[in-house]
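Colleague: I would like to go through the labels on this model. For each one, tell me the value and the cut-off behind it.

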Amino acid sequence: MSARTIRQLPPDLIDQIAAGEVIERPASVLKELLENAIDAGASRIDVDAGGGGIRLLRVRDDGHGIPEAQIALAMAPHATSKIVSLDELERVASLGFRGEALPSIASVSRLQIRSATGDEGGWEVAGPFHDGVAPAPCAHPRGTTVEMRDLFHNVPARRKFLRTEQTEFRHIDRMLRRTALSRFGTGFRLSHDGRVVRDYPPADTVARQAARIADVVGSGFVEQAIEIDDDRSGLRLWGWLGQPSIARSQADWQYMFVNGRPIRDKVVTHAIKQGFGDVLHHARQPAYVLFLEMDPAGVDVNAHPAKHEVRFRDQGKVHGFLSHVVSQALSGAAPSKPHHAEFAPSAGAPTAVGAGIGGPQSGLRFATGESRALYDWAARPASLPEARLATADTAASVASVDTQPDQAPEPDEIPPLGYARAQLHGIYILAENAHGLVCVDTHAAHERIVYETLKRQRDAGVVPSQPLLVPLDVAVSEREADLAEACDQILADGGFELTRSGPTTVTVRRVPTALADLDVATLLADLLGRMGQEAGADRELRRLSDERLGTLACHASVRAHRQLTVAEMNALPRDMERTERSGQCNHGRPTWVQISLKELDRLFQRGR
């Protein structure tokens, strides 16, 4: 390319370049206008689109409006009322603040603004704006209307990259629904080519909030969501967390808002998925609508021109908080949902572990104290004598329990997972509860019980470890050797005993028992390689330990096709009711499902 003279770009070209950073399609315009309306204190926002938003996009709000003396200035580049100093820039509390949206939109479309600060009438301005424009009086209620027509009419190269009107409107619809989730107190209405598509009144009640979430995310999410609200260390997380049973194959049910701003952030996504831990299948994505509130000084919202991404000043703190709150919410979920629900552990309640680890498969330990009346009722179908249903082991298991009158318990006396009625193909336990039929995957349920018990045993004291017959020298990088030396206490708490024996050599003398049969050199190299990352050494050790305990629990759990006694079949649901995260096995598969009487009636067309 031949040398060119350095010159100042003309204002039109400057604005079009700026527009390229924030205006990609009509939905991008809508995002900027919605943010301005929300920042103006609007309680109602109406959006009218024509031709997929390419031909027309009008946003009307009832906010505080723009005074006559400022309405023309609002169209100047970098003109804003939202920040006035560097201190405010570092603590941005509004959605918009850069002062580029309106001039950028005006540079690639035909833009008109009408606004009023009261009910006595308002003022309007229309582009082009570079040569200055005087506002003209107009009839307008309190608030602001911004009307954009013919997007990219003067930039044909950009316009040809737009999709069909139907596709562009889908992006507009998605943008409005996402914004509607972030502001329950604001009403939204969306019309396309004269037809009302969305109408959300202010969600000032729990029912209206649920209705808005159901429309945006889906009714299935609302039915299977856990409501959470946790506040600590200057951070607050509240919202709705989908149970693992409704996890998706794609991340389309993930809505995260930081101080009311919709964001996409890798730290947040990783933290929430880590909070789901071993209750979510690795190929599935969690579902959630969550709101993180924090000091604006702790988050940089100016990391991306379109403000989709943010940076946290203390990423480790935010990551740990999110992961912990999500994990605690899932472990303490109450049995209030009809499908794949999880149960909170009873205070001080013991949890039985079934088969011994490493030895022959043994029976499930019977750790329940129900009276014989309940078990006799569950085990004795009216058409069969007890002797035909129960084996000799069954009779021996219940023989020592006091006999009570032969009658069914009241519905409020039946536990959430009910009482066993049969075992199907040696794989599933069929139980009856107050709602209908419960089907339990025996191996998956017992695997979770054993796994949680092993984790509690580990957390209760020192991690069991064993010495190596011959100390092992492991070659590492100098940085990894430095990490091993600096984190020797953390490694010792995790069951490792090692010393630095050279600039790039670490000698291992003791390893955790649960990890002893792995390749120690590979394990240590992988561990040290991860210790410098955001997760930290202690968290990485716990992850490795959890993975190994999960493998042990899988091998120690009752196998498929093994016939259980009636007492064992009833002991398993009781243990599930006392075990955290019992709705899913260690691999994220559901451990039980509920089939209600209404669903059974529908299958057999009863009542039709």
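Colleague: Why is Arg110 called partly exposed?

Modeller: This is a predicted model, so the value is computed from predicted coordinates. Arg110 has a relative accessible area of 45%. Buried means under 20% and exposed means over 50%. Arg110 therefore falls in between, as partly exposed.

Colleague: What makes Arg110 and Asp150 a salt bridge?

Modeller: Their closest N and O atoms are 2.7 Å apart. The cut-off is 4 Å, between a side-chain nitrogen of Lys or Arg and a carboxyl oxygen of Asp or Glu. The pair therefore qualifies.

Colleague: Is Asp150 buried or partly exposed?

Modeller: Partly exposed, at 24% relative accessibility. Buried would need a value under 20%.

Colleague: How many salt bridges does that rule give?

Modeller: The count comes to 32. Side chains of opposite charge can pair when their charged atoms come close.

Colleague: What ties helix H16 to strand S20?

Modeller: A salt bridge between the side chains of Asp482 and Arg500, at 2.4 Å from N to O. Asp482 lies in H16 (residues 478-486) and Arg500 in S20 (residues 497-502), so the pair ties together parts 18 residues apart in sequence. Asp482 has a relative accessible area of 36%, and Arg500 is at 29% relative accessibility. Each value lies between 20% and 50%, so both residues count as partly exposed.

Colleague: How do you know that Arg574 and Glu577 are separated by about one helical turn?

Modeller: They are three residues apart in helix H20 (residues 566-577), which means about one helical turn. Arg574 is buried, and so is Glu577. Elsewhere, salt bridges that share partners join Asp48, Arg58, Arg60, Glu147 and Arg149 into one network.

Colleague: Why does Lys31 count as buried?

Modeller: Lys31 has 11% relative accessibility. That is under 20%, so the label is buried. Lys31 lies in helix H2 (residues 26-39). Its side chain makes a polar contact with the side chain of Glu35, at 2.7 Å. The limit for a polar contact is 3.5 Å.

Colleague: What makes H7 roughly antiparallel to H8?

Modeller: The axes of helix H7 (residues 165-182) and helix H8 (residues 206-216) come within 10 Å and cross at roughly 155 degrees. Angles over 145 degrees count as roughly antiparallel, so H7 and H8 get that label. The contact is made by Arg177, Ala180 and Leu181 of H7 and Arg212, Ile213, Asp215 and Val216 of H8. The crossing of H7 and H8 is left-handed.

Colleague: Which residues of helix H10 are buried?

Modeller: In H10 (residues 266-276) they are Val267, Val268, Ala271, Ile272, Gly275 and Phe276. Among the elements that cover them are strand S10 (235-242), strand S13 (288-293) and helix H11 (315-331).

Colleague: Which side chain reaches the backbone nitrogen of Val267 at the start of H10?

Modeller: That of Asp265. One of its side-chain oxygens comes to within 2.9 Å of that nitrogen. H10 is followed by Gly277, which has a positive phi near 45 degrees.

Key
Residues are numbered from 1 along each chain as its sequence is written. This is a predicted model: local features need pLDDT of at least 70, side-chain atom pairs count only at pLDDT 80 or more; totals for chains, interfaces and linings use all residues. Side-chain values use heavy atoms; hydrogens and water are left out. Helices (H or I, at least four residues) and strands (E, at least two) are DSSP runs, numbered from the N terminus. Buried means under 20% relative accessible area, exposed over 50%, partly exposed in between (1.4 Å probe, protein chains only). A polar contact is a pair of N or O atoms within 3.5 Å; within protein, one must be able to donate a hydrogen and the other to accept it, and residues adjacent in sequence count only if both atoms are side-chain atoms. Axes are lines fitted to C-alpha atoms, for helices over the stretch in contact, and angles run from 0 to 180 degrees between N-to-C directions. Angles under 35 degrees count as roughly parallel, over 145 as roughly antiparallel, 65 to 115 as roughly perpendicular and the rest as oblique. A crossing is left-handed if the near helix is turned anticlockwise from the far one by less than a right angle, and right-handed if clockwise. Contact means heavy atoms within 4.5 Å.
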